[in-house]
Amino acid sequence: MASTFQRRLIDALGTDVARIEPADLAAYGYDAYKEDGNASAAIVPRDVREVATAVRIARECDEPVIPRGAGTGLCGGAVPVKGGLVISFARMNRLLALDVRNRRARVQPGLINLELSSAIARYGVFYAPDPSSQKISTIGGNVGTNAGGPHCLSYGTTTNHVLGLQYVDAAGRIHTTALDDVGYDVTGLLVGSEGTLGLITEIEVRLMRLPEAVRVYVAAFADVESASEAVSAIIGAGIVPVALEIMDKLITQAVEAHYHAGFPADAGAVLLVETAGPLDDMDDAERIIAGIAREHGALSWRAARDAAERAALWAARKGAAGAIGRIAPNYYIQDACVPRTKLPAVMKAVEGIARHYQLPVGNVFHAGDGNLHPLMIFDRREPRQVQAVIDAGNEILQTCIDMGGTISGEHGIGYEKRKTLSLVFSVADLAAMARVRDVFDPMRALNPDKIFPTGAVCGEVKASTAA
Ligand SMILES: Cc1cc2nc3c(=O)[nH]c(=O)nc-3n(C[C@H](O)[C@H](O)[C@H](O)COP(=O)(O)OP(=O)(O)OC[C@H]3O[C@@H](n4cnc5c(N)ncnc54)[C@H](O)[C@@H]3O)c2cc1C
């Protein structure tokens, strides 16, 4: 039997928008992280008014609200861990306006990231943030997590490309922010807030001109450490390619078996480099970068022949996580950051941790940003292995912190990492953040159980917030 909350949603929005059947709700109970939840109801709105109406009903019925993009998040951010209303933006997926002269576009949150760049390429512009999930993840979800991607090394992450927003607050009111707003940077606050401050219903994005020339290179190294040394040296020399990505042998072999893109599958590590800019600069950049790679032990160096080969190499790199499905029943991707110069040391430490826990580990990462993604392979049916993955993951995070790094490079905090937030922030810092949240959402109805730690620290946060 439908609950009062479910009936009110159906009455207000109809069965085309509101979903209450368990079989329908099951689709909104998970994301790419392992945690499952049970939504009390879900809506797939067509416009901002339907979002606002649903938020008001949820508030009156005391139900939390959880925004959802494509559900590719890797830390449980879109999971209704304790029930509530899931708002899926799948149907609000249009490019609303394109202003090529001012290099701006206005989009709805459910627009798939890659579809934006594909739609506007003929005007000579593109949208730079390119998470490896860009074929399926949404721009709203990317804004929610402040997503990064291989090309964020020189272009910056999502926050550098969002000019303004429309959002619905916890009371169901509609607000807008814009580039020329004076005062506090509310746009900046909302980007990366993982659905805890507002539901983003429109996004004004910055576009970039397609570069005159693009080149992609593949270098083979004996091991990840020497490839990482080369990355540090390239940037240390004052050159910032648009992407510097590393894959170790386990990942390269899985990727090659699946995509046949032409990566050297017998190498200990592969460095993928992309440069972009004026044609006249390309040869100099290649000479310097290839020279540094050789000085740091590159066993081979080659340039992709044409656009088709460049696209094939990138499709394979971005499909690395999927290719692991060929060799493992389950995998867990850790996301952490260290200063770039610490990459060789942290890669050695990760190897030691994996050996200690007897876990096969592959590495595929945004090396230029110092953003590592150890990918641990395990079998979820084996409780011992599950515990080993959790313990190894925590040890890797602590190692990164000890090296001056942090607990997430791009995937966010979500449900998974909320306990680890207190490893990098003091109680006073957490309390300040909690106060900001309370300004937007005093009842903590928007995506509760995300970002903020629970338990003792949460109690302390509450106490200092009340003070
Ligand atoms: C194979 C694979 C590769 C990946 N590669 C990368 C990568 O290179 N870089 C990277 O950063 N991430 C990567 N990710 C993680 C993930 O794709 C990103 O976090 C992405 O931004 C999530 O987008 P989504 O549309 O799936 O959002 P979801 O997972 O649905 O949601 C993500 C978060 O945003 C919130 N949210 C969603 N929509 C809205 C909205 N309209 N308003 C407010 N909050 C909202 C959700 O509540 C949740 O907290 C990868 C994931 C996979 C599976």
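**A tour of the predicted model**

Along its principal axes, the C-alpha trace spans about 65 × 55 × 45 Å.

Next, switch to a cartoon display. The chain contains 17 helices and 20 strands. Among contacts between residues at least 6 apart in sequence, 72% join residues at least 24 apart.

Now colour the chain by domain. The domain assignment gives domain 1 (4–88), domain 2 (95–209), domain 3 (213–322), domain 4 (328–402) and domain 5 (425–466). Select domain 1 and domain 3 together: their centres, taken over C-alpha atoms, are separated by 42 Å.

Then display the surface. The accessible surface of the protein chain comes to about 19800 Å², and 52% of that area belongs to carbon and sulfur atoms. Of the 467 residues, 55% count as buried. Selecting the charged residues brings up 46 positive and 54 negative charges, whose mean positions are 3 Å apart.

Finally, select Asn363, which lies in strand S18 (residues 361–365). Is Asn363 buried or exposed? Its relative accessibility is 6%, so Asn363 counts as buried, the cut-off being under 20%. To see what surrounds Asn363, show the residues that it touches, leaving aside those up to four places away in sequence: Ile246, Met247, Asp248, Ile251, Met347, Val350, His373 and Pro374.

Technical notes. Residues numbered from 1 in each chain as written. Predicted model: local features only at pLDDT ≥ 70, side-chain atom pairs only at ≥ 80, totals over all residues. Heavy atoms only, no water. Helix = DSSP H or I, 4+ residues; strand = E, 2+ residues; numbered from the N terminus. Buried < 20%, exposed > 50% of the residue type's maximum accessible area, 1.4 Å probe, protein only. Contact = heavy atoms within 4.5 Å. Areas by Shrake-Rupley, 256 points an atom, 1.4 Å probe, with all protein chains shown as cover. Lys, Arg positive; Asp, Glu negative; His and termini not counted. Charge placed at Lys NZ, Arg CZ, Asp CG, Glu CD. Domains from an automatic or database assignment.
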